[in-house]
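Me: I've got a structure to look at and I'd like to talk it through. Could you go over it with me, bit by bit?

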Amino acid sequence: MNTNDKRSSPAHEDDIGVVFRKNLGHYTVHANGREIDCSLSSLLHKQLIFPTADPTSLRHTVQDVREIHHVDPVAVGDRVRYVEAEEGRGMIVEVLPRNSKLSRPAPVPSQRVFEQVIVSNADLILPVFTVANPTPKWALLDRYLVSAAAAEIPVLIVINKLDLAWKNPSFDEEIEIYRRIGYPVLLVSAATGEGIEELKQTLHGKQSVMVGKSGVGKTSLLNAIQPGLGQRVRAVGNGKFGKGRHTTTHLEMFELDFGGTLVDTPGIREFGLWNIMADELAYFFPEMAGYIGQCKFGMSCHHDLEPGCAIRKAVMAEAISPYRYQSYMNLRGEL
Amino acid sequence: MKARLATFGDFKCAHCRVIVPSVHLVSGVNNRNHCPYCLWSCHLDLYAAGDRLSACKAPMKPIGLTLKAGRKKYQREARGELMLIHQCTECRALSINRIAADDDSETVLAVFQESLALAHQMHILCEENGIVMLKAGDAKIVYTQLYGYQAEIPMISWA
């Protein structure tokens with residue numbers, strides 16, 4: 001394809017695809033049943049500034065170019081417009097508007113905090129936790145739930161390693177807190193296959209993403225859902241807390257045979273909240289939302305030390321779990 | 001009593017407004033849980049010491065003294081160290097806390113003296129919570145724990 005052909009038929013060379021994988025500046029885009037290895041147009045790192053003095057002017061001369069500071073303008077799950085340069089290779093020139101995005105502050109040491117979009121256009125978030133080995137950290141689950149609520153993406157809490165239930169006698173009591181709030185919980189075991197069929201039914205036709213710390217068995221679940229994939233898995237360490245080892249090192253979306261896609265993510269150790277204001281945090285705790293505005297100081301209440309706080313009263317009356325309230329206070333302290 | 005509750009660091013007492021350092025070298029304890037000057041605390045723990053799960057957060061008043069159950073078989077006294085009993089001013093919950101090295105001894109004595117005038121129901125409430133509040137007959141123990149075995153007990157009417 002030469003340059004003249006491109007000018008004469010722009011509609012044919014610009015195609016739309018979905019980003020399935022990204023690794024060190026290379027993006028794998030799926031379009032029309034093909035895989036295209038794409039690079040990124042430098043335009044996606046820049047914002048073109050046009051003069052605004054005369055909006056009716058027909059001349060669109062670029063007045064200025066600003067660098068856009070973000071970790072990566074393209075996320076797995078993005079629908080992108082690309083230009084195919086040669087067979088199987090191309091360049092992403094535009095990211096189409098996203099329906100949803102799951103973000104966190106990029107965990108890179110920097111004076112400015114940048115947004116890192118973990119996955120975009122997801123229909124369902126699956127926070128994956130374990131009954132034991134590694135010991136579940138419910139505060140991390142609360143972070144995922146708040147982020148999902150802020151992004152307006154439904155969640156399904158997946159508890160893996162059900163076969164190790166004997167190792168954690170307090171597990172039933174702990175997960176009951178989330179069931180009572182109304183979060184859907186699915187107990188599965190990638191080792192025995194328990195609950196996998198139910199998980200498959202839930203994933204059918206959706207673009208889902210699994211998140212969780214290392215060693216919870218995200219990739220093992222993926223292999224159990226679709227055995228042909230054969231993704232690499234490893235046993236967790238033998239330490240006291242059974243910490244996982246970083247086995248999956250890149251983000252990738254997989255097409256499921258029974259319909260839908262599933263994004264496997266590397267173990268996430270840090271998960272900060274992005275673009276959530278301290279005053280709106282309580283709205284993302286469903287059990288607290290009903291008490292907002294009923295405090296003595298109304299909407300100004302921080303639900304911390306203020307007298308007559310309705311949320312604190314609800315915690316003391318056991319209508320709200322003290323563990324969830326503690327998570328709320330910890331998250332609020334970060335914002 | 002802590003004014004800011006989120007950390008285990010230094011804090012300003014919300015009762016007497018003094019800034020309290022939480023350095024181990026000064027207090028002799030790892031977790032400072034009351035003001036060393038007025039001995040007031042704050043209701044922060046729910047199920048276990050240090051869990052910080054209570055949403056009450058109301059001031060806790062020192063109402064009396066007790067002794068920690070001793071675990072050492074051959075120690076000089078059958079009972080352990082002196083502890084403060086705190087009661088939440090809002091939900092009436094009771095807790096016991098270690099006395100820190102820099103706690104004001106005179107204030108501790110004053111708490112003991114005031115506790116002798118408490119109603120019998122309060123003693124029963126403490127016992128229901130597994131706490132044995134020290135009474136007038138325990139004055140010698142209190143004094144020796146605060147000032148040492150060589151110290152003389154002044155002629156004080158404890159009644």
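Me: Which handedness does the crossing of H3(A) and H9(A) have?

Reply: First, this is a predicted model, where local features need pLDDT of at least 70, side-chain atom pairs count only at pLDDT 80 or more, and totals for chains, interfaces and linings use all residues. Residues are numbered from 1 along each chain as its sequence is written, while chains are lettered from A and ligands numbered from 1 in the order in which they are written. A crossing is left-handed if the near helix is turned anticlockwise from the far one by less than a right angle, and right-handed if clockwise. For H3(A) and H9(A), the crossing is right-handed.

Me: And at what angle do the axes of H3 and H9 of chain A cross?

Reply: Helices (H or I, at least four residues) and strands (E, at least two) are DSSP runs, numbered from the N terminus. Axes are lines fitted to C-alpha atoms, for helices over the stretch in contact, with angles from 0 to 180 degrees between N-to-C directions. The axes of H3 (138-150) and H9 (322-334) of chain A come within 10 Å, and they cross at roughly 65°.

Me: Which helix supplies the largest share of the side of chain A that touches chain B?

Reply: Here 10 residues of chain A are in contact (C-beta atoms, placed from the backbone, within 7 Å) with 8 residues of chain B. Helices H8 (310-316) and H9 of chain A each supply at least two residues of chain A's side. The largest share, 6 residues, comes from H9(A).

Terms used:
Two residues are in contact if their C-beta atoms, placed from the backbone, lie within 7 Å.
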